[in-house]
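Subject: Structure for you to look through

Hello,

Here is the structure I promised to pass on to you. Please open the sequence and the model side by side before you read the notes below them.

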Amino acid sequence: MTPSLFSNLKSLFEKKSRREAIEGYLLIAAGTSVILFFSIFVMLYAFYLSFFSWDFLTPMKFVGVENYVKVFEEIWDGICGGSPFRTQFFIGIKNVLFYTAIVVPTQTILAIILAVFANQKIKGISFYKVSYFLPSVTCSVIIALIFVWLFQKEGLINYFLSSMIPGFAPNWMRDVHYALWAIMLVAIWGTSGNLMISFLAALQALPQEVYEAASIDGAGRFKKFFYITLPLLKPMIGYSVVVGTIGCLQMFDLAYAMPGPGFSTTTVVQNIYNTCFAESKVGLACAKSFFLFAVIFAITYAMRRKFRYETT
Amino acid sequence: MVTKMESILAILLIIAIIISGSGLYYIADLDSRMARLEEAIGAVPAPTEFYLRFSGWGAGATEIELYETMLHNFMEENPKYYVKYEPMPTMYHENLLSMFGAYVAPDVFYVDSMWVPTFLEKGALYPVEELTTPEFIDMYYDFLLEIFKDAEGKLYGLPKDWSMLFLLYNKKLFADAGLTEPPDTWAKLLEYSEKIADTTGKPGLSIYTGGFERYLPVALSEGAPKPIFNSAADAAWFERTDVKDTLKWYVELYTKGKTEREAARLTPYVVSPADIGKGWLGDAFGSESVAMVISGNWIIPFLADEFPDFEFGTDWDIAPVPKGSWGRANMAFTVCLGINRYTKYPSAAWHLVEYLMGVEGQKKLVVEMGHTLPSIEELATSPDLWPQHRKTLDYLTTPGYDVVMAWFMGPKSGELGGKFSTAIELAMLGEVTVDDALTEMYNAVVDAFAE
Amino acid sequence: MRLSFRLIMAIVGYIVLTVVAIIYLMPFIRSITASFMTWEQAQRMPPEWIPDPFTTRPFEQILGLKYFPVWLINSVIISASIVTAQTILASMAGFAFARVKFPGREMLFSLLLATMMMPGIVTLMPTYALFSKVGLIDNLLGIIIPGLCGASSIFLMRQYYLSMPQDLFDAARVDGCTFLKIFRHIAFPLARPALGALAIYQFLGSWNSFLGPLAILKSIEKFTLPVGLLFAFNRAWYVEYSPIIAGSTLAAAPTIIIFIIFNKYLIKGIQLTAGKR
């Protein structure tokens, strides 16, 4: 990165490159400034706000790091098993981590399995592609509104489930033990098809020579899958796990539209949203959002090291 | 090179540009466009001098229609006014407060009795005494006015109407279960619910999981004082034995009536509306899915509107809230029409408020249209009052309530109400024990006054 | 032996794929059929799939709600503006990041990519605070302005321009064309497939977005379809659920139709960006 910056600076003295540079800046100006303003600049503003106590209405009051102290106190209180009313942020983190731990592996594995099945000469493959992709193009709130109905005690899902597992008919959205699971099912339903298309594309791009060489060596199909296909898919798996994790940790729409009883489906972002827009504690909400940012950053960073896939 | 798909895309893009271009025009001038749109369909005359925005939570199509009719009439009588009705989404009060910060709060809006202190603290309400005469204020029930005053006794809003709780029971289901009379005590309520479930196969009673204000009549009727929290020390209310016992009884309505019964594969005798796929109590009762609910006057126009074949008197009837060992208790719910402290037109806003909740307004909206109970004392005797509402009012004298608590718990009412209800909900769902729920509620009061 | 294994895999494959396809499609089929049923029939268990009697009442109910058309118009305005702006701004920037040399290019691009990792809530709250000072709260522009360009769109366009042969641009450069001209006459028209993918992505993203509109749009006639429908549902405007289902079906219809027509572009977009970040 640095050498190219340096050489570009040097070449600025050449007239032609200078003109090129100006044109380049002109081309990127509008788009880049919008993005940088509504990400970097507003983030700095949020950081500034996180040191204040402010309710949108009355004047701002500087409170130093008090908001951050409150965030850590709440988390500590939560770890020590404090009252759920005082530790909703912690509950949100806990719910979301659990949710991520279930949803991300399930949707990834499901997508790989489906992609492997689809990666043969199958007639009507575009029909399957379209039907798998459909859930991910539909608005999650609208999906949630439909699933609230399907998840009723006497609803369609329980009808099928109880015909497979007799007597199993939980009242999904009214039961603290099932509400989050219902949301997980919807999330997996919504994203695995999308992921499957990506994996199918990756599978089809794999070099055939490796497989031929392996066949000569007498490797079986399952051996080939585990020793060749999966390692070759590793960058793709890493990418989908990281992107899926970032998405899951920020889950909001589904939890907002399919609320379970009590705090059973509270998510971090929901708690931050409520802190900011319902309780009007802007500074505290900003501090919480930076904490979430840090968590996401740390997890993503750790995963990137684990999967070691290239950045661009 | 240019395929069919691509030309379709190009056409779509052009359409998109045209739409967004006209869209920008639409946004730039949205308010008056809306007005013109409504004008075009003959809804209102063109706006002239006073443009007011009016907001409420608009619970249900019935209430929205009633208000739209009233505002339509208002604008017809007052051609200088244009009033835009903006019912608002969930978390009404929270959203409203955040709108103040963004300078987009409406000029006139509902404020629930519970939230008045919070709005006063943020300086959001206009002192209405400056806009009207003492004679006008005197028309309203004193016990309702008290809620809308600040510490110095200054008045910030007038009650638009009020409601009480009462028991609604389904006569057909009662007859099927061999019952002739509505239950008069809490013990009978429980007994009847069970009996109805066993004989008719339908739950006897529907309650909300949560709902601190629905539990309070039970506590008060067993001798607990009104829970008013002015300091952390007042949290002691939750340490009273009568409170503990009644809360346990109330929570067990659900844990025993729903959870345990279902575990034993019996018809539950208590359910929440959501358990049977209904939006709220009115829905559960009107669809005859349950035999009894305890609800307020707002349920009456809803039942008349949505379930016209389910007739008052023949199919269902109302009865007073059951009594406890100490006496009979009830809750009074009220909402004021607040005026935005920063409104451009305070006196125009007052004019609208006066229209909606003055004698004439309440006569139409509350009395004739059967919305709720009038907050102006003299209208209580109006011959046009719906018989259902009349009956609930009559219970004030016979059998009479030993205590009627206005739904208000002191300066932290808004935040405490929600927390208490969540605690009860968690206890009903078996997530926490009743004792834990009591501790949570105790702590919530202490926390509220700690800051 | 080999052949039979292949056959078994194909048969198992068909069965698995079909069963999963049915699971994926079930909610759509269910809600579409239920939109034409009476609520009583839609609630019946075992489920019935043929509306009898056939009714359009749920649609009449939701369309009879005077706000529904307004929400639809709002959603269309927001999506159309965002799609238009993004295709133009992102393809300009993507072209420059791919083919024009200027100092700080790599650094700026990395910075843009880094912004993609930022949680939406981190930027939503300060944006709200800023907008509240300039009157963009409760205003459709408050949704449109932050959506005018996106880092992921620039990334997609850059990937596409990188995949095009360099000679194409070099020839024009030799003829003395400026980059602005090259963009207008060569790069932009040739990028149709990627622009198609981008337009569809952005349409889906803006049509389906929820958190931003929920926070920024306050009054009922500024709502977008998802916010409005959820509002109608939460406020229990209907005793029956079928108008909400019919409304959801209507709200989802544009995305589904566009996807079915243009799914090749979308899948192309995935192939362009997948695993390359």
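What follows is an account of what was found, taken chain by chain.

Please keep in mind throughout that this is a predicted model.

Let me begin with chain C, which has 14 helices and zero strands, so that its elements, read from the N terminus on, run α-α-α-α-α-α-α-α-α-α-α-α-α-α. The radius of gyration of chain C is 23 Å, whereas the globule rule gives 19 Å for 277 residues, and because the value for chain C is well over that of the rule, the chain is more spread out than a compact globule. Along the principal axes, the C-alpha atoms of chain C fill a box of roughly 75 × 70 × 30 Å. Even so, 55% of the 277 residues of chain C count as buried, and among the contacts in chain C with a separation of 6 or more, 79% are between residues 24 or more positions apart.

The domain assignment of chain C gives domain 1 (2-55) and domain 2 (65-273), and the C-alpha centres of these domains of chain C lie 32 Å apart. Where they meet, six residues of domain 1 of chain C are in contact with seven residues of domain 2 of chain C. On the domain 1 side, the elements that give two or more residues are α1 and α2 (39-42) of chain C, and the largest share, four residues, comes from α1(C). By class, the residues on that side of domain 1 of chain C divide into four nonpolar, two polar and no charged.

Helix α6 (residues 120-134) of chain C has 15 residues and reaches 21 Å from its first C-alpha to its last, which is close to the 21 Å expected at 1.5 Å a residue. Is α6(C) largely enclosed by the rest of the structure, or largely open? Eleven of its 15 residues are buried, so α6(C) is largely enclosed. Among the buried residues of α6(C) are I121(C), V122(C), L124(C), M125(C), Y128(C) and F131(C), and the buried set also includes T123(C), T127(C) and S132(C). Just after α6(C) comes G135(C), which takes a positive phi of about 75°.

Turning to how chain C meets chain A, you will find that 86 residues of chain C are in contact with 86 residues of chain A. Helix α1 (residues 2-35) of chain C gives the most to the side of chain C that touches chain A, with 14 residues. That side of chain C has 64 nonpolar, 17 polar and five charged residues. For chain A itself, the domain assignment gives domain 1 (2-49) and domain 2 (87-307), and the C-alpha centres of these domains of chain A lie 36 Å apart.

Chain B contains both kinds of element, with 19 helices and ten strands. Buried residues make up 50% of the 451 residues in chain B, and 72% of its contacts between residues at least 6 apart in sequence join residues at least 24 apart.

What does β3(B) pair with? Strand β1 (residues 50-55) of chain B pairs with β3(B) in the parallel sense over two bridges, and here the bridge partner of S55(B) is F109(B). Strand β9 (residues 329-339) of chain B pairs with β3(B) in the antiparallel sense over five bridges, with V108(B) standing opposite I339(B) in β9(B).

Finally, please look at P117(B), which is found in helix α5 (residues 116-121) of chain B. Is P117(B) buried or exposed? With 20 other C-beta atoms within 10 Å, P117(B) is buried, because a residue counts as buried at 20 or more. Leaving aside residues up to four places away in sequence, P117(B) touches P411(B) and S413(B). The C-alpha atoms of P117(B) and K412(B) are separated by 7.1 Å, although these residues are 295 residues apart along the chain.

With best wishes

Key
Residues are numbered from 1 along each chain as its sequence is written. Chains are lettered from A and ligands numbered from 1 in the order in which they are written. This is a predicted model: local features need pLDDT of at least 70, side-chain atom pairs count only at pLDDT 80 or more; totals for chains, interfaces and linings use all residues. Two residues are in contact if their C-beta atoms, placed from the backbone, lie within 7 Å. Ala, Val, Leu, Ile, Met, Phe, Trp, Tyr, Cys and Pro count as nonpolar, Asp, Glu, Lys and Arg as charged, and the others, Gly among them, as polar. A residue is buried if 20 or more other C-beta atoms lie within 10 Å of its own, exposed if 12 or fewer, and partly exposed in between; C-beta atoms are placed from the backbone. Domain bounds come from an automatic or database domain assignment. The expected span of a helix is 1.5 Å times one less than its number of residues. Two strands pair if DSSP finds at least two bridges between them. The radius of gyration is taken over C-alpha atoms; the globule rule is 2.2 Å times the number of residues to the power 0.38.
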